Amino acid sequence: SERGWYVGMSAGLTTLEIPGQNLKMEGIEFNGISADDSDMGTHAYTGYWINEHVGFELGWMDFGSVEALFDYYDPRSGERGTGESDVGISGGSYTLQLAYDIERVKVFAKAGLMSWKTDYETRFDASNGETVRREFSEDGSGLLFGAGASWNFTGGWNLRVDATFADIDIADAQVYSVGLEYDFARAFRKSEWAEWNRAIENYQM
């Protein structure tokens, strides 16, 4: 592999484990928000290999959405109860990558940061029988790390598989994905563009 830019898109299985988050929004306390479930997630990214072993990558990750349960308490009315919420996590990723090439396969490990946003769509039944719905969000940052491999099957096209783990304030999130990646440096080296440039160089000589 040569130094240069690449872009990619992948999708796969995500798992979100929320051990019990406590929030207070619009005067209502949401306690013990918890979930341990899976969904489909996506990852779009671009990166640059400084050399064959070191690179950096910027991406956007969507971990999907899971259904969480919680207890609520409204101190204004003294009302208590239980409810459920759709919890979705997404955000930007910024990682350093270390890699080793074995012929057409690149094995890599990555570590960095994720700036995340969590969206809550809560609903619970009030004592008057009305279904109360609330939507709110919070954001923050956390650590991100993972590993994977890409296989160059033709030209600049790679098949990439990887596992990514995010340790953020409200949850432990994991993504196991597979997708396509386009390596501009490899494509240029192997494509007709390179042949065309060589023909021009020979003509000029």
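## Burial, cores and aromatic pairs

Of the 205 residues in the protein chain, 41% are buried, where buried stands for under 20% relative accessible area, exposed for over 50% and partly exposed for values in between (1.4 Å probe, protein chains only). This is a predicted model, in which local features need pLDDT of at least 70 and side-chain atom pairs count only at pLDDT 80 or more, while totals for chains, interfaces and linings use all residues. Residues are numbered from 1 along each chain as its sequence is written, and side-chain values use heavy atoms, with hydrogens and water left out.

The secondary structure comes to two helices and eight strands, in the order β-β-β-β-β-β-β-β-α-α from the N terminus on; helices (H or I, at least four residues) and strands (E, at least two) are DSSP runs, numbered from the N terminus. The C-alpha atoms fill a box of roughly 85 × 25 × 25 Å along the principal axes. The radius of gyration of the protein chain is 23 Å, whereas a compact globule of 205 residues would have one near 17 Å; this radius is taken over C-alpha atoms, and the globule rule is 2.2 Å times the number of residues to the power 0.38.

The largest nonpolar core has 29 residues, and those with the most contacts inside it are Phe30, Phe63 and Ile89. Such a core is a set of buried Ala, Val, Leu, Ile, Met, Phe, Trp, Tyr and Cys residues joined through side-chain atoms within 4.5 Å. At least two residues of this core come from each of E1, strand E2 (28-49), E3, E4, strand E5 (105-125), E6 and strand E8 (172-183), and E3 gives the most, with six residues. Leaving aside neighbours within four places in sequence, Phe63 is in contact (heavy atoms within 4.5 Å) with residues including Thr14, Met40, Ile89, Met114 and Val175. A second, separate core of five residues includes Tyr6, Tyr45, Ala99 and Phe108.

Ser93 lies in strand E4 (residues 79-102) and is buried, with a relative accessible area of 3%. Beyond its neighbours within four places in sequence, Ser93 is in contact with several residues, among them His43, Glu57, Trp60, Leu113 and Leu144.

Rings of Phe, Tyr and Trp (its six-membered ring) pair if their centres lie within 6.5 Å, with planes under 30 degrees apart counted as stacked, over 60 as edge-to-face and the rest as tilted. By this rule there are 16 aromatic pairs. Trp5 and Phe56 form an edge-to-face pair, because their ring centres are 6.0 Å apart and their planes stand at 90°. This pair links distant parts of the chain, with Trp5 in strand E1 (residues 4-25) and Phe56 in strand E3 (residues 54-74), 51 residues apart. Phe145 and Phe165 form a stacked pair, at 5.7 Å centre to centre with 25° between the planes, and they join strand E6 (residues 131-154) to strand E7 (residues 157-167) across 20 residues.

| Residue | Relative accessible area | Class |
|---|---|---|
| Trp5 | 45% | partly exposed |
| Phe56 | 33% | partly exposed |
| Phe145 | 42% | partly exposed |
| Phe165 | 26% | partly exposed |

Ring pairs also link Phe30, Phe70, Tyr72, Tyr120, Phe124 and Phe136 into a cluster.
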